[in-house]
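Let's take a walk through this model together. Keep the viewer open and follow along.

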Amino acid sequence: MIPDLGDRSLFPPFLELPEDHGASSSSIGSVGVDRILLAQVKDNMTITKPTLVLTDRDGHGFALVFDGLDRDGLDLNKLGLKKGATAVVHGARQTVPEQKNTDETLTAKAARRQFLRVAPGQVHTVQAVPTGLEQTVALAAKLREQQQRTLAEGTYHCEACGVSGTSNTSELDPAAKKLLKCTGCGHAWYCDRTCQTKGWSNGHKSECKALKALSTIWSQ
Ligand SMILES: [Zn+2]
Ligand SMILES: [Zn+2]
């Protein structure tokens with residue numbers, strides 16, 4: 001089931017991520033839970049390495065740098081990491097550059113700690129959802145609610161009119177109404193073509209690709 005993206009302990013903001021102390025420590029194989037960072041893509045700031053400017057759930061901005069690649073080494077658009085999309089970074093850590101001055105103030109330290117490094121070969125730890133951060137969190141909650149309801153009731157509901165039914169392959173109740181599944185995302189159900197058209201223009205159009213991305217990321 002898709003996790004609760006609103007949970008700040010599982011999806012902390014940038015400044016609450018564990019620290020990665022420079023190149024000496026590997027960012028892989030760390031102890032503890034796999035923290036996932038959710039952040040909205042603001043801009044592509046690639047100069048020498050693929051670099052994005054992101055904003056986290058608290059509105060804090062930072063850079064995401066793909067290490068070990070040159071400026072043309074990664075097609076960020078193809079990965080879905082476009083302006084306005086949500087980046088999902090698994091095992092995220094904030095990179096703390098080497099300390100230059102031991103009696104540096106905490107503010108100065110925080111000002112330097114503004115980026116997240118993706119180690120060479122770890123590009124797959126960054127995924128994308130094609131909606132903004134707030135909408136992504138809301139859609140995940142909707143999907144989660146649907147999954148819980150389906151588990152509890154064994155039924156689906158038409159996106160357009162709310163009528164309940166089963167999937168068209170379900171043999172549980174032969175008398176139950178068989179709903180059609182959206183082939184785009186697999187997470188919206190409809191009575192028929194009329195309800196599908198209605199549901200699509202009532203908002204599913206803007207949600208379908210994001211639901212598909214969310215369910216692909218959390219398919220296990
Ligand atoms: Zn319907
Ligand atoms: Zn869909």
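Start at helix α3 (residues 193–217), where H204 and C208 sit four residues apart, about one turn of the helix. Helices here are DSSP runs of H or I with at least four residues, strands are E runs of at least two, and both are numbered from the N terminus. An α-helix has 3.6 residues a turn, so residues three or four places apart point the same way.

Before going further, some housekeeping: this is a predicted model, in which local features need pLDDT of at least 70 and side-chain atom pairs count only at pLDDT 80 or more, while totals for chains, interfaces and linings use all residues. Residues are numbered from 1 along each chain as its sequence is written, chains are lettered from A and ligands numbered from 1 in the order in which they are written, and side-chain values use heavy atoms, with hydrogens and water left out.

Back to that pair. Donors are N, O and S atoms within 2.8 Å of the metal (3.2 Å for Na, K and Ca); water is not among the atoms, so sites may look incomplete.

The zinc ion (ligand 1) is held by C158, C161, C191 and C195, each through SG, at 2.2 to 2.3 Å. Its donors follow C-x2-C-x29-C-x3-C along the chain. This site is tetrahedral because its four donor atoms subtend angles of 100 to 118°. C191 is buried at 14%, and C195 is buried at 11%.

Now move to helix α2 (residues 133–153). Its buried residues are L133, T136, L139, A140, L143, Q146 and T150. They cover an arc of only 140° around the axis, so they lie on the same side of α2; that arc is taken over the directions from the helix axis to the C-beta atoms. On the other side of α2, E134, E145 and A152 are exposed. After α2 comes G154, with a positive phi near 70°.

Conventions:
Tetrahedral: all angles 85-135°; square planar, octahedral: opposite > 155°, others 65-115°. Buried < 20%, exposed > 50% of the residue type's maximum accessible area, 1.4 Å probe, protein only.
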